[in-house]
Amino acid sequence: MKKIYASLAAILLAAAVMTGCGSSDNTEVPSADASEASVSEEAQSEEDADASESESEEEEENYDTGDASLDNIRNQDEIGENELLVVSFGTSYNDSRRLTIGAIEDALETAFPDYSVRRGFSANIIIDHVERRDGILIDDINAALERAVDNGVKTLVIQPTHLMNGLEYDEIVGEVAAYSDAFENVVFGEPLLTSDDDFKRVEQAITEWTSEYDDGETAICFMGHGTEAESNQVYQKMQDLLTSDGYSNYFVGTVEAEPSLDDVLEQVKAGGYKRVVLEPLMVVAGDHANNDMAGDEEDSWKTTFESEGFEVVCLLRGLGENEAVRQIYIDHAQAAIDSLGE
């Protein structure tokens with residue numbers, strides 16, 4: 001019997017209502033708590049701001065995002081019967097896309113040689129911008145699913161690169177639900193920050209990654225996007241974990257929610273630190289990282305801390321560049337694949 005496993009859950013039902021698409025009568029829908037899903041941090045996180053530099057087709061960029069031809073966009077055919085579709089919001093920053101999303105895809109390909117790894121972006125504004133600027137077309141979710149159907153894929157594993165569960169994640173589930181009859185098996189891997197163990201592993205990854213700056217005189221500040229929705233609580237949860245584990249000079253803030261830049265600045269000033277290290281708590285280092293965090297505008301994090309007399313170091317790297325973070329995605333995909341045998 002055809003099955004759609006684990007992560008689709010009650011989320012699938014909610015997403016099906018939103019999209020007007022439901023699963024077939026012979027599709028088994030497992031249980032999950034859809035009430036915890038809210039606005040996806042990833043939809044309004046690192047990559048969401050990339051849309052801001054794509055909104056006008058006439059807008060000309062005055063910055064270099066890297067060579068798009070170095071990125072494997074993974075829209076090849078001849079997939080075979082087993083596909084691992086890596087779903088991301090997307091980014092138009094070519095180097096960061098290759099070093100983060102591309103690196104996650106490469107790691108998954110190495111870990112699962114029996115699966116053809118393919119890419120799907122959910123942000124068509126990013127896809128259109130990259131195609132217009134670089135002449136490279138990345139599959140959106142529907143195009144990726146159509147490609148899978150046309151290639152006769154039987155088992156489809158979907159691994160999101162999202163930071164957390166949220167509405168965008170639900171929408172992707174809904175899109176996949178419309179294709180549920182086309183595959184024998186569909187299973188979802190979890191986003192990055194799902195379980196308490198995920199938080200602990202990300203904490204270890206980011207503290208080890210920045211240990212060279214941890215000299216007692218430096219405040220290490222991570223910038224997320226933030227959202228008005230309930231899912232914004234992941235930032236405070238990460239902050240509380242860091243504090244409880246003794247990382248008193250580590251701070252987590254957001255661009256558009258709480259904790260705010262002002263909150264982080266107040267804590268850093270109270271700590272008497274001399275230097276500030278800024279790094280995105282985002283899978284890619286896109287528009288937010290390059291402009292809101294490290295830009296020269298008067299309201300950027302960098303400028304704000306410099307105006308308060310701090311020496312500032314900006315680390316323009318996304319979480320996808322971290323090997324330990326990539327391993328979490330591998331483990332989530334493995335759990336999804338293991339569920340196929342249940």
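Student: What covers the buried residues of α3?

Tutor: The cover includes β2 (82-88), α2 (94-99), β3 (116-121), β4 (155-160) and α12 (323-339). Keep in mind that this is a predicted model.

Student: Which residues of α3 are the buried ones?

Tutor: Helix α3 spans residues 101-111. Its buried residues are Ile101, Gly102, Ala103, Ile104, Glu105, Ala107 and Leu108.

Student: Why is Ile101 called buried?

Tutor: Compare value and cut-off. Buried means under 20% relative accessible area. Ile101 has a relative accessible area of 0%, so Ile101 is buried.

Student: How far apart are Ile101 and Thr161 in sequence and in space?

Tutor: They are 60 residues apart in sequence. In space, C-alpha to C-alpha, the distance is 7.5 Å.

Student: Why is β2 described as largely enclosed by the rest of the structure?

Tutor: Count its residues. Six of the seven in β2 are buried, so the rest of the structure largely encloses this strand.

Student: How do you know that β2 pairs with β4 and β3?

Tutor: Count bridges. Pairing takes at least two bridges between the strands. Six join β2 to β4, and six join β2 to β3. Both counts meet the cut-off, so β2 pairs with β4 and with β3. The strands run parallel in each case. Leu85 has Ile158 of β4 as its bridge partner. Glu83 has Ser116 of β3.

Student: What makes β7 mostly covered?

Tutor: Strand β7 covers residues 250-254, and five of its five residues are buried. Tyr250, Val252 and Thr254 point one way, while Phe251 and Gly253 point the other way. In a regular strand the side chains alternate between the two faces of the sheet.

Student: How do you know that β6 and β7 pair?

Tutor: Strand β6 (residues 218-224) and β7 share five bridges, in the parallel sense. The cut-off is at least two, so they count as paired. Ile220 has Tyr250 of β7 as its bridge partner. From β6 the chain passes through helix α8 (residues 233-244) to β7, a right-handed β-α-β crossover.

Student: Which residues line the second largest pocket?

Tutor: Thr254, Val255, Leu261, Asn291, Asp292, Glu297, Asp299, Ser300 and Trp301 do. The pocket holds about 160 Å³ of space.

Student: What makes up its lining by class?

Tutor: Three nonpolar, three polar and three charged residues. Val, Leu and Trp count as nonpolar, and Asp and Glu as charged. Val255, Leu261 and Trp301 are therefore the nonpolar ones. Asp292, Glu297 and Asp299 are therefore the charged ones.

Definitions and conventions: Residues numbered from 1 in each chain as written. Predicted model: local features only at pLDDT ≥ 70, side-chain atom pairs only at ≥ 80, totals over all residues. Heavy atoms only, no water. Buried < 20%, exposed > 50% of the residue type's maximum accessible area, 1.4 Å probe, protein only. Helix = DSSP H or I, 4+ residues; strand = E, 2+ residues; numbered from the N terminus. Right-handed = clockwise from strand over helix to strand, strands pointing away. 1 Å grid on protein atoms, 1.4 Å probe; cavity = no way out; pocket = protein on both sides within 12 Å on 5 of 7 lines; lining within 4 Å. Points joined across faces, edges and corners; volume = space filled by probe spheres on them. Contact = heavy atoms within 4.5 Å.
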